Amino acid sequence: MISAESVDKLKSDALRLIESAGDENFLVDLRVKLLGKKGELTQLMKQLGQVDAEQRKEFGGLLNKAKQEVEQSLSSKQKILSDQARRAKLEKEWIDVTLPKKQPLVSDAPGSLHPIFQVQQELEDIFRGLGFTVVDGPEVEKEYYNFEALNIPATHPARDMQDTIWTTAGDLLRTHTSSIQVRALENVKNTPPLRIVAPGKVFRYERVDASHGHTFYQMEGMMIDREVTVGHLIYFMRTLLRQIFGFDPKIRLRPGYFPFVEPGFELDIWFNEKWMELLPCGLIHPKVLEYGGIDPDKWQGFAFGLGLSRLVMSRYKINDIRHLQSSDLRFLRQFS
Ligand code: FA5
């Protein structure tokens with residue numbers, strides 16, 4: 001039943017709770033618990049009707065005072081808590097606009113294709129325009145396709161010129177894109193007449209210098225038809241160089257030996273005041289055609305092995321092939 005003590009106890013309990021409130025939600029709940037329809041203070045108010053007039057006046061006064069104090073305390077605590085929350089939020093989201101901009105780890109400039117791929121794509125377009133198909137082959141290659149099928153048996157001295165990394169399973173990192181020749185001929189979709197180019201990465205045990213990398217790019221080319229002559233070969237090579245350079249660069253053709261062509265040639269380009277080997281080629285050896293399941297009495301062909309990395313060097317006048325593998329952004333940005 002209502003009494004001066006019960007009003008006093010309710011008020012002091014309420015004020016203590018309000019004081020201890022740590023967040024605004026708690027305060028909202030507390031307001032309902034005390035002053036809501038079924039709130040504790042409201043319940044006491046309702047009990048006023050059951051006491052006599054004298055007490056009603058006294059308790060009524062006490063209750064009103066208690067209610068006022070509780071409301072006041074709720075409001076001021078609510079203001080304190082909302083100020084605190086705002087300050088915390090500001091602190092968390094505060095940005096020091098005077099700090100220097102964060103530098104990205106690499107660069108936020110838009111990226112671009114590596115110069116080798118830019119030239120590779122141009123070459124692919126040129127050759128597509130000449131009726132060639134672009135094909136691909138594995139970088140980890142069978143010894144058979146890299147040597148044997150190219151008329152380079154295990155005992156052939158030509159093997160010594162192209163050592164590479166071998167896997168424990170007896171495969172190797174291909175030393176040239178010529179490994180694609182017999183692979184392409186074996187492919188049943190490639191029945192002659194056919195024209196293919198195959199760009200890709202190759203690997204060699206090499207004394208690295210300004211024009212020799214251990215990892216570099218080549219592009220193989222092959223054409224097979226009823227009658228293919230050295231004249232055709234020279235025509236396609238001149239066309240490719242003229243289109244890449246925009247003029248006829250200074251070149252020379254001389255005899256060259258590769259077991260998989262007969263006759264074979266070296267095509268050199270004049271670069272940095274001397275000749276640089278660029279584009280060896282020749283008419284495909286009958287034995288290679290046989291390995292590919294093609295009758296050499298009915299079909300002839302030419303093949304070339306373009307030094308793609310060196311072509312990029314001579315086109316852009318890059319003095320050292322090692323720049324191309326360096327990942328140096330100062331170098332690469334010149335081609336974006
Ligand atoms: C070959 O790789 C033959 N497969 C090319 C070939 C294909 C001949 C078809 C006949 C018919 P060679 O080892 O010379 O040949 O390499 C071909 C070209 O690759 C060279 O002329 C040169 O431009 C480039 N090259 C060779 N070795 C390196 C190297 N270490 N670094 C950069 N480019 C190289």
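A nonpolar core is a set of buried Ala, Val, Leu, Ile, Met, Phe, Trp, Tyr and Cys residues joined through side-chain atoms within 4.5 Å. Keep that in mind as you look around this predicted model, where the largest such core has 40 residues. Here is a short tour.

**The nonpolar cores**
- Within the largest core, L123, F127, L279, F302, F304, L306 and L311 touch the most other members.
- Elements that each give two or more residues to this core include helices α5 (115–129) and α10 (308–316), along with strands β5 (215–225) and β10 (300–307).
- Helix α8 provides the largest share of this core, with seven residues.
- Leaving aside neighbours within four places in sequence, L306 is in contact with L123, Y217, Q218, M219, L240, L278, L279 and L311.
- Another core, of 26 residues, lies apart from the largest one, and F147, I152, L194 and I294 are among its members.

**Two packed helices**
- Helix α1 (residues 4–20) packs against helix α4 (residues 53–93) at an angle of about 0°, and their axes are 10 Å apart.
- Angles under 35 degrees count as roughly parallel, so α1 is roughly parallel to α4.
- On the α1 side, the contact includes V7, L15 and I18, while α4 brings residues including F59, L62 and V70.
- By class, this contact has 11 nonpolar, one polar and five charged residues.

**Backbone details to look for**
- A cis peptide bond with omega of about 0° joins P192 and P193, and P193 sits in the loop between α7 (180–186) and β4 (194–203).
- The bond from E262 to P263 is also cis, with omega near -5°; P263 is in strand β7.
- E273, a residue other than glycine, has a positive phi near 65° and is exposed at 66% relative accessibility.
- S327 is not a glycine either, yet its phi is positive at about 60°; S327 lies in the loop between α10 and α11 (329–332).

Methods. Residues are numbered from 1 along each chain as its sequence is written. This is a predicted model: local features need pLDDT of at least 70, side-chain atom pairs count only at pLDDT 80 or more; totals for chains, interfaces and linings use all residues. Side-chain values use heavy atoms; hydrogens and water are left out. Buried means under 20% relative accessible area, exposed over 50%, partly exposed in between (1.4 Å probe, protein chains only). Helices (H or I, at least four residues) and strands (E, at least two) are DSSP runs, numbered from the N terminus. Contact means heavy atoms within 4.5 Å. Axes are lines fitted to C-alpha atoms, for helices over the stretch in contact, and angles run from 0 to 180 degrees between N-to-C directions. Angles under 35 degrees count as roughly parallel, over 145 as roughly antiparallel, 65 to 115 as roughly perpendicular and the rest as oblique. Ala, Val, Leu, Ile, Met, Phe, Trp, Tyr, Cys and Pro count as nonpolar, Asp, Glu, Lys and Arg as charged, and the others, Gly among them, as polar.
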